[in-house]
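Please open the model in your viewer and keep the selection panel at hand.

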Amino acid sequence: MTVQVPKLEYRHRVDDLLRTERLPHVWCPGCGIGITLQAFLRAVKALEAKGVIDRKQLVFVTGIGCTGRASGYVRLDGAHTPHGRPIAYAYGVKLANPKLVPVVFSGDGDLAGIGGNHLLHAARRNFDMLVIMVNNFNYALTGGQLAPTTPHGAYSTTTPKGNPERPMDVARLVAALGANYVARWSIHYPVHIEESVKRALPRRGFRFIEVVSICPEIFGRHIGFRSPVDFYERLRKVAKVRKPKALEEIKYDWEDEITLGVFVDKDEPGYMESICQVYNYDWCKELPERRWSKQ
Amino acid sequence: MAPRRAYDIIILANRCKECGLCIHVCPKKILVTGNKQNQKGYRVTTVTKPSDCIGCRLCEFSCPDFVIRIEPSSDGVPKGLIVWGENEVEVIKD
């Protein structure tokens, strides 16, 4: 039955933060980037409703790659930056105007592969930014090449006989470098991603959220999970939420376990406060108030 | 026993890409792949029994394409609303 309904608005919950004229987006059917982006936008809306953050403060910086396309769909100030350099760009944003909150949203190939050095040193400096990394195990936009996060033994376009390398556990690496907030979730836990963003976004220091995603079209084709539902269930088998007692207990193993959870949650002075202890700039008095609470 | 609350399942048809995640995660299994195609040629998810919806919003959260939205029903009647265009809304009731 088709009826005429001219007055009612049928929109998605986060449509006011999306450039709806550009939807449907380019991501493949079943890609987890959309789930992560939706969780992030829901968290922004919730924080805005509480009055914690203003969407005009946010700068949405993305790199190159599948995930990098997100800045074209989000109705926030943002930048689509060169490959691997979204963190370098976010440095500039924060240092030029300390009132802004840079959010880096990018993929594993962009942040851990090409821009790995920027990630290490941003975490080491505890630089005030939120980094959301969508981990889809390969360089998907360019055709499925080997990435630093590709599991050992997995097939990809450039490793047709299996990956001989060990993968990089990015969440554990960033936790070891002393970031203020480190969490890893998979796309099976969209509410947890949202809660993590809610907790990390108003914080100072370096905050890192890794989202283990599925890539049925490119990576799934190589490893035999071509259907989004098959890949989703295969990832659910290994993705386990656990509270590790030490960083060494965090696992990133495609055959055994990918540990999920909040690994680091602390409040240490970020880079902007450290720089104010040394240099007395004018903007040091205007640094945003600390909005930390033991929830 | 209190009566079950009624929910509207709003599906923005032209964004759907037929990945099947919403159908897979629905605990009540009330979503199915439909027969009608959207502008891009994907068969849009449709609703079989809206009164069974418990409003967990898992399908909304797990949809990568910003298609589904679950709202408490405005008129108290559970229904599926498939939005095909500006003024073209298909209403599915039990």
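Which residues have the most contacts inside the largest nonpolar core? Select V103(A), I132(A), V182(A), F208(A) and I11(B), for these are the residues with the most contacts inside that core, which has 112 residues. The largest share of the core, eight residues, comes from α1(A). A nonpolar core here is a set of buried Ala, Val, Leu, Ile, Met, Phe, Trp, Tyr and Cys residues joined through C-beta atoms within 7 Å. A residue is buried if 20 or more other C-beta atoms lie within 10 Å of its own, exposed if 12 or fewer, and partly exposed in between, with C-beta atoms placed from the backbone.

Some conventions apply throughout. This is a predicted model, in which local features need pLDDT of at least 70 and side-chain atom pairs count only at pLDDT 80 or more, while totals for chains, interfaces and linings use all residues. Residues are numbered from 1 along each chain as its sequence is written, and chains are lettered from A and ligands numbered from 1 in the order in which they are written.

**Chain A as a whole**

Next, select chain A, which has nine helices and 11 strands. Helices (H or I, at least four residues) and strands (E, at least two) are DSSP runs, numbered from the N terminus. The radius of gyration of chain A, taken over C-alpha atoms, is 19 Å, close to the 19 Å that the globule rule gives for 295 residues, so the chain is as compact as a globular protein of that length. That rule is 2.2 Å times the number of residues to the power 0.38. Of the 295 residues, 51% count as buried.

Now colour chain A by pLDDT, the predictor's confidence in each residue, from 0 to 100. The average is 90, and 94% of the residues score at least 70. Over residues 3-7 of chain A, however, the pLDDT is below 50, and over residues 291-295 of chain A it is also below 50. Where pLDDT is low, the predicted coordinates should not be read in detail.

Not counting residues up to four places away in sequence, V182(A) touches A171(A), V174(A), A175(A), F208(A), F263(A) and V264(A); two residues are in contact if their C-beta atoms, placed from the backbone, lie within 7 Å.

Move to helix α6 (residues 190-200) of chain A, where the buried residues include P190(A), I193(A) and V197(A). The buried residues of α6(A) pack against several elements, among them β8 (181-186) and β11 (258-265) of chain A, together with α2 of chain B.

Display β8(A) and β11(A), which run antiparallel and are joined by four bridges. Two strands pair if DSSP finds at least two bridges between them. Y181(A) has D265(A) in β11(A) as its bridge partner.

**Chain B and the contact**

Which chain B element gives the most residues to the side that touches chain A? The contact takes 23 residues from chain B and 27 residues from chain A, and β6(B) gives the most to the chain B side, with four residues.

Finally, select P50(B), in the loop between β3 (43-47) and α2 of chain B. P50(B) is buried, with 21 other C-beta atoms within 10 Å. The C-alpha atoms of P50(B) and I92(B) are separated by 7.7 Å, although the two are 42 residues apart along the chain.
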